[in-house]
Amino acid sequence: MHQKIKLVCYIVMACLVFSCTSSKDVVYFQDASQFETLVDENTFTSKFKVDDLVSIHVSTLDPEASAPFNLFRGAEEGVGGSMRPEQVNYLVDEDGEIDFPVIGKVKIEGLSPAETRELLRERLKDYLKDPIINIRIRNFTVTVLGSVNRPGTYPINGEQITIMEALGYAGDINIKGRRDNVMVIRDFDGTKVYNRINLNKKEALKSPVYYLTQNDVVYVEPNKSGKTQSSLDQRASIAVSILSVLITSSVVLLTRN
């Protein structure tokens, strides 16, 4: 009888391990403790790159004074069917410069929007008093590919986005995707830089690719077997069924004598 009880215990433990392994690879930040404070030590700020499209609008209390520093073309239909001119975006050329009205070439590659704003304010001080300068990256997109539910390229409204937010746009990593080895492909001056991040660990918050930059590509590779069940619920259901059968069989063995 004692041996049979030990057998039942072993069977139950094996089934519990099986059911746990079905979810251990799909939990984000699984080593974070209860109520632990995870300090985001990244001091990320988006920087302009070559080939970026940048929207810059200069305004002052005197619209006529600031007009020469804003470029417009044609007209587009606005609210209520009214026609208004379309503002021209600036292209960061291969030298990292934009060609700004009146003041000419301005190098902004490697600068943040805030730094560019201060640079332009300094260059415009001889022409305008207390200008308000609004700057925005117009081509900020991230591409999410691989084992996600909605792969694609997503436009980003704002100046920063985390890899978790990008995966949220893509409908999250599916059950076949590896969360422990997500690749981020980043372009620096025509050179591709490949970084990997383990989203199962809380250290992911410190990764240099936790915050994405414009035109980053996130690739989620599938697991090695390629034979993972289509959903975690199916695996859990199978585990529960097996556990039920084994426990029932063990009880019969125990009560037979």
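Predicted model: local features only at pLDDT ≥ 70, side-chain atom pairs only at ≥ 80, totals over all residues.
Biologist: How many helices and strands does the protein chain have, and what makes a run count as one?
Modeller: The chain has 5 helices and 14 strands. Both are DSSP runs, numbered from the N terminus: helices are H or I with at least four residues, strands are E with at least two.

Biologist: Why is Val209 called buried?
Modeller: Buried means under 20% relative accessible area, exposed means over 50%, and partly exposed lies in between (1.4 Å probe, protein chains only). Val209 has 1%, so it is buried. Val209 sits in the loop between strand 12 (191-197) and strand 13 (211-212). Across the protein chain of 257 residues, 34% count as buried.

Biologist: Which residues does Val209 touch, beyond those up to four places away in sequence?
Modeller: They are Ile163, Val184, Arg186, Asn195 and Ile197. Contact means heavy atoms within 4.5 Å. Phe44 is 165 residues from Val209 along the chain, yet their C-alpha atoms are separated by 9.7 Å.

Biologist: What makes a set of residues a nonpolar core?
Modeller: The members are buried Ala, Val, Leu, Ile, Met, Phe, Trp, Tyr and Cys residues, joined through side-chain atoms within 4.5 Å. The largest such core here has 43 residues, and Ile56, Phe100 and Ile163 have the most contacts inside it. Elements giving it two or more residues include strand 1 (53-59), strand 5 (97-100) and helix 4 (163-169). Contacts of Ile163 include Val182, Leu199, Val209 and Val218.

Biologist: How do you know that the buried residues of helix 3 line one face?
Modeller: Pro113, Thr116 and Leu120 are buried in helix 3 (residues 113-123). Seen down the helix axis, the buried residues fall within an arc of 60 degrees, so they line one face. The arc is that of the directions from the helix axis to the C-beta atoms. These buried residues pack against strand 1, strand 5, strand 6 (104-107) and strand 7.

Biologist: What makes two strands a pair?
Modeller: DSSP must find at least two bridges between them. Strand 8 and strand 14 are joined by 4 bridges and run parallel, so they pair. Strand 11 and strand 14 have 3 bridges and pair in the antiparallel sense. Within these pairings, Thr143 stands opposite Val217, and Val184 stands opposite Val218.

Biologist: Why do strand 9 and strand 12 count as edges?
Modeller: The open sheet has 5 strands in the order 9-8-14-11-12, with mixed pairing. Strand 9 (152-155) and strand 12 each have a single partner strand, so one side of each is left without a neighbour in the sheet.

Conventions
Residues numbered from 1 in each chain as written. Heavy atoms only, no water.
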